[in-house]
Amino acid sequence: MSWLFGIRGSKGDGAEPPLSLPPVQPGAEGGGDRGAGDRPAPKDKWSNFDPTGLERAAKAARELEHSRHAKEALSLAQMQEQTLQLEQQSKLKEYEAAVEQLKSEQIRVQAEERRKTLNEETRQHQARAQYQDRLARQRYEDQLKQQQLLNEENLRKQEESVQKQEAMRRATVEREMELRHKNEMMRVEAEARARAKAERENADIIREQIRLKAAEHRQTILESIRTAGTLFGEGFRAFVTDWDKVTATVAGLTLLAVGVYSAKNATSVAGRYIEARLGKPSLVRETSRVTVLEALRRPLQVSRRLLSKPQDALEGVVLSPSLEARVRDIAIATRNTRKNHSLYRNILMYGPPGTGKTLFAKKLALHSGMDYAIMTGGDVAPMGRDGVTAVHKVFDWANTSRRGLLLFVDEADAFLRKRATEKISEDLRATLNAFLHRTGQHSSKFMLVLASNQPEQFDWAINDRIDEMVSFELPRREERERLALEAGPV
């Protein structure tokens with residue numbers, strides 16, 4: 001198409017010389033900038049249009065129609081057009097292939113994104129489940145802690161309530177004891193005043209009665225003496241006249257009296273010695289003292305007991321720290337008393353049942369190198385008249401101990417009650433008097449340890465014989481935990 005634009009071909013092509021182009025207007029070439037100063041400025045969008053090219057093209061088309069190479073040029077143009085169409089089709093197919101590849105890539109990316117989304121959702125579900133599980137565990141732990149705190153608070157409140165009740169009970173007991181003491185003093189004073197007043201008012205009558213009774217008694221005695229003198233005088237006069245009868249009678253009576261007295265005393269001494277050495281009194285329920293009969297029955301146990309070393313006074317005994325310090329001081333003092341051969345001090349242990357009073361008494365005896373004997377106050381009252389004898393036997397038996405004896409009286413308030421206010425029998429009163437007589441002075445042979453749940457019921461004379469009073473309280477939470485640890489797993 002070079003001929004269309006006035007370009008000459010080569011000489012060998014046999015082509016006709018190209019058509020001449022119309023002359024170019026001055027200022028037409030070189031763009032719209034050249035000669036712009038010769039023309040006025042365009043007024044609209046078609047003011048810059050140059051129709052020269054169209055005219056030249058139309059002229060060339062007319063010349064081409066009259067040229068002999070028009071068909072060839074047309075076929076060449078058609079071939080070029082087909083070539084362009086083929087190129088366009090190949091480009092279109094490449095574009096479609098690229099589009100398909102892009103779609104497949106997009107599908108793969110979407111699948112990958114979906115897979116990642118599913119994985120992320122699965123991870124999110126797992127994380128949510130773990131978080132919920134962690135929250136549930138944390139909530140359960142918080143509930144357990146709250147329940148534990150609530151239980152501890154309830155336990156603390158219960159302990160405070162028990163302590164308050166115990167303090168109130170103690171205050172009430174002290175108040176009752178004080179009031180009873182005041183009432184007793186007032187009653188005794190009133191009785192003394194009434195008795196003195198009655199004696200003053202009835203002094204004349206009483207003296208007259210005494211005078212009459214004395215006169216009657218004197219008259220009766222005189223008449224009896226006269227009658228007896230008359231009878232004995234006649235008999236003695238008849239007996240004295242026979243010297244042989246007098247001698248035989250005096251000798252027989254003397255020998256009989258000596259035999260009876262000797263046999264009675266020897267039997268009594270032998271019985272007491274055998275009972276004190278070979279057996280134990282009936283009131284003693286349990287003892288660590290070794291007797292001859294027990295040594296013959298169980299020689300191995302007796303030898304093991306004799307060869308055992310002194311134990312700690314608080315071994316196996318769980319008490320509060322303050323109470324442990326006090327009873328340890330008592331144990332040290334008791335052991336030193338035994339070593340120094342001094343007099344033992346009497347102790348009263350009071351408190352609720354099951355707080356370790358009996359166990360501590362046993363440990364105290366073993367720690368001090370003494371024997372212990374346990375008796376119960378409830379066994380004394382049913383004995384009646386035999387109670388006095390049984391009490392004396394217990395103390396006689398205690399005085400024969402070589403190592404020293406710790407006499408533990410459990411429930412001592414059962415027979416050591418107040419004689420002034422309590423209604424007790426005469427036998428029990430006599431037993432109490434015998435007990436007071438044997439414990440009137442401290443001894444180096446035995447140590448008296450009383451235990452009671454109601455110490456305010458003791459007779460005042462019993463309180464005078466007590467040197468130490470120890471209160472055994474109920475165990476608190478720390479002591480219960482120590483008991484559980486020492487007891488071990490069930």
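A salt bridge, as the term is used here, is a side-chain nitrogen of Lys or Arg sitting within 4 Å of a carboxyl oxygen of Asp or Glu. The idea behind it is simple: side chains of opposite charge can pair when their charged atoms come close. By that definition, this predicted model holds 22 salt bridges. Let's walk through a few of them, then turn to a helix and what surrounds it.

Start in helix α2, which covers residues 70-201. Here the side chains of R156 and E153 meet in a salt bridge, with 2.1 Å from N to O. Why can these two find each other? They are three residues apart in α2, so about one helical turn separates them.

E178 forms a salt bridge with R175, and their closest N and O atoms are 3.7 Å apart. Once again the two residues lie three apart in helix α2, about one turn of the helix. E178 is partly exposed, at 36% relative accessible area, and so is R175, at 44%.

The side chains of R419 and D459 meet in a salt bridge, 3.2 Å from N to O. R419 sits in the loop between β4 and α10 (426-438), while D459 belongs to the loop between β5 and α11 (460-464), so this pair ties together parts that are 40 residues apart in sequence.

Finally, take a look at helix α8, residues 357-367. Which of its residues are buried? They are K357, F360, A361, K363, L364, A365 and H367. As for what they pack against, the buried residues of α8 meet one helix, α7 (321-340), along with the strands β2 (347-350), β3 (371-376), β4 (405-410) and β5 (446-452). After α8 comes G369, which has a positive phi, near 75°.

How values were computed: Residues are numbered from 1 along each chain as its sequence is written. This is a predicted model: local features need pLDDT of at least 70, side-chain atom pairs count only at pLDDT 80 or more; totals for chains, interfaces and linings use all residues. Side-chain values use heavy atoms; hydrogens and water are left out. Buried means under 20% relative accessible area, exposed over 50%, partly exposed in between (1.4 Å probe, protein chains only). Helices (H or I, at least four residues) and strands (E, at least two) are DSSP runs, numbered from the N terminus. Contact means heavy atoms within 4.5 Å.
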